[in-house]
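Hi everyone, thanks for making time. Let me put a protein on the screen, and we'll walk through it together.

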Amino acid sequence: MKNQETLSSGKLRMIIFLSVTACILAIPLVAMQFTNEVNWTLSDFVTAGILLLSTCLAIELVIRNLKTGKLRTIVLIVILIALFLIWAELAVGIFGTPFAGN
């Protein structure tokens, strides 16, 4: 019976992760309909989707393998910080782009 509960909670978490990812990706899609300030291409959506889904997968692995404790919390925080740093780098580019004019 416990395996069914674990399997059920794992499936529920994955549904939540996929729903949150879809909602986050819907924000720029909707914004593009109302303003020219947001201009995402298909590659932008694919990159953001891969980044978000890989973060969700990493969180799921931590939740399944580390049951409780400070280590679990620290690892989850590190994963989220990495997500935010990579997202910020992709958004503004610390090193610039090779196509930027001088």
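Along the sequence, the protein reads α-α-α, with three helices and zero strands. Helices here are DSSP runs of H or I of at least four residues, strands are E runs of at least two, and both are numbered from the N terminus. Please keep in mind that this is a predicted model, where local features need pLDDT of at least 70, side-chain atom pairs count only at pLDDT 80 or more, and totals for chains, interfaces and linings use all residues. Residues are numbered from 1 along each chain as its sequence is written, and side-chain values use heavy atoms, with hydrogens and water left out.

Let's look at α2, residues 42-65. This helix has 24 residues and spans 34 Å from its first C-alpha to its last, close to the 34 Å expected at 1.5 Å a residue; that expectation is 1.5 Å times one less than the number of residues.

Which residues of α2 are buried? Among them are F45, A48, L52, C56 and I63, where buried means under 20% relative accessible area (1.4 Å probe, protein chains only). As a reminder, an α-helix has 3.6 residues a turn, so residues three or four places apart point the same way. Over the whole protein, buried residues make up 18% of the 102 residues.

Finally, contacts, meaning heavy atoms within 4.5 Å. Of those between residues at least 6 apart in sequence, 53% join residues at least 24 apart.

Technical notes:
Buried < 20%, exposed > 50% of the residue type's maximum accessible area, 1.4 Å probe, protein only.
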